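Subject: Structure handover

Hi,

Here is the structure for you to pick up. Please load it before reading on.

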Amino acid sequence: MTTTHRPDNPLDRPGVLIAALPAVLGFVPENSLVLVTAAHGEMGAVMRADLSEGADYSLSHLAELAAASRAEIAIAVIVDNEGAACQMCADEYRELTHELAVELARWDVELAAAHVVDKVAAGGRWYCADGCGSAGVVEDPAASPIAVAAVLDGRRLYARRSELVAVVAQADPERSAALARGIDAAGALATDRPDAQARSDIEHALACAEQLTDGRPLADEQLTRLALALTDPRVRDTLYALAVGDHAGAAESLWADLARLLPEPWRVEALVLLAFSAYARGDGPLAGISLDAALRCAPSHRMAGMLDHALQSGMRPEQIRELARTGYRLAKQLGVRLPPKRLFGRRAG
């Protein structure tokens, strides 16, 4: 799920709303049930579930998430390339949207509309799921004002959800296995280390981020040190501040690199740092994918759970960025100089 806060609200124009979905989700949905929520006439949380047979999605859970985002209304979009032209499927989707409306009503959320579309692409055909007779054509997703804003914000849009998942997927199992042996050989990080060692590890992480920016990959010894350093709460919590610093992009590239290369459970902290960084700059899709991966590795991870709850409840990025203040306070206590905070412009919403 992700949230958006953009101009040119498309809620009343199905062809425009459907065209905006790739920019909101971060990828082009296929075979999906998408639920768009709104309050005070403004688009809020957007959720997606697979429609494939046997898919693990629950209408009651979607309704609960919609309520958690303080939605007043919701609009459902069923994406089904094969079923969109199937009369039997149309009956099934009419029943599905009725059940969804009932679940939403339990939380005082109105299902304002439901649409079925064959493809989320320019020229795709949509019609209303309840048989009202309305139908139309999907506008060009690339020309959507929300898509244009996303690109200007530096977000990458993916053709498939699998491409977004690949951003955080382990890229080299053999190297990860070798790193696991190296981390084990290095031993567990002592919990009573002096502040000078924590400060040195934070400075090492900053240097690694700059190294990646220069196009120089990290050596295994650097990756091992980073994996161990992130188990020190002082190091980890200070590094959250980088999400709002001038070098946020470099830091995010480092967390993504660690997420792809480190073995479990060491990659979890990198995934959560990546999720926080993405969330802070308004990239809900990448934050959600990173949190999914982190919670699969460590279901009880406190920060991952908190961020996941915030994302699902529609908390705005500017609220999340407040958490970075703790990192700056810790850095001051440790005597570490962090990059200055960025001034967020339009992306702050």
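This is a predicted model: local features need pLDDT of at least 70, side-chain atom pairs count only at pLDDT 80 or more; totals for chains, interfaces and linings use all residues.

Residues are numbered from 1 along each chain as its sequence is written, and side-chain values use heavy atoms, with hydrogens and water left out.

Cysteines

Cys 128 and Cys 132 form it, with sulfur atoms 2.1 Å apart. The link is left-handed, at -135° about the S-S bond. For burial, the cut-offs are relative accessible areas: buried is under 20%, exposed over 50%, partly exposed in between (1.4 Å probe, protein chains only). Cys 128 is buried at 7%, whereas Cys 132 is partly exposed at 47%. As for other cysteines, Cys 89 is buried at 17% and Cys 297 is partly exposed at 22%.

Cores

A nonpolar core here is a set of buried Ala, Val, Leu, Ile, Met, Phe, Trp, Tyr and Cys residues joined through side-chain atoms within 4.5 Å. The largest has 91 residues. Leu 239, Leu 254, Trp 255, Leu 258 and Leu 338 have the most contacts inside it. Helix H11 (residues 267–280) gives the most to this core, 11 residues. Helices are DSSP runs (H or I, at least four residues), numbered from the N terminus. Domain 1 (10–158) and domain 2 (168–334) both contribute residues, so this core lies between them. The domain bounds come from an automatic or database domain assignment. Another core, of 24 residues, lies apart from it; Leu 65, Ala 74, Leu 96 and Leu 111 are among its members.

Helix H11

Gly 282 follows H11, with a positive phi near 90°.

Aromatic pair

Rings of Phe, Tyr and Trp (its six-membered ring) pair if their centres lie within 6.5 Å; planes under 30 degrees apart are stacked, over 60 edge-to-face, the rest tilted. The whole structure has 1 such pair. Tyr 240 and Phe 276 are edge-to-face, 5.3 Å centre to centre and 80° between the planes. Tyr 240 sits in the loop between helix H9 (233–239) and helix H10 (248–261), while Phe 276 is in helix H11, 36 residues apart. Both Tyr 240 and Phe 276 are buried.

Best wishes

Key: A disulfide is a pair of cysteine sulfur atoms within 2.5 Å. Helices (H or I, at least four residues) and strands (E, at least two) are DSSP runs, numbered from the N terminus.
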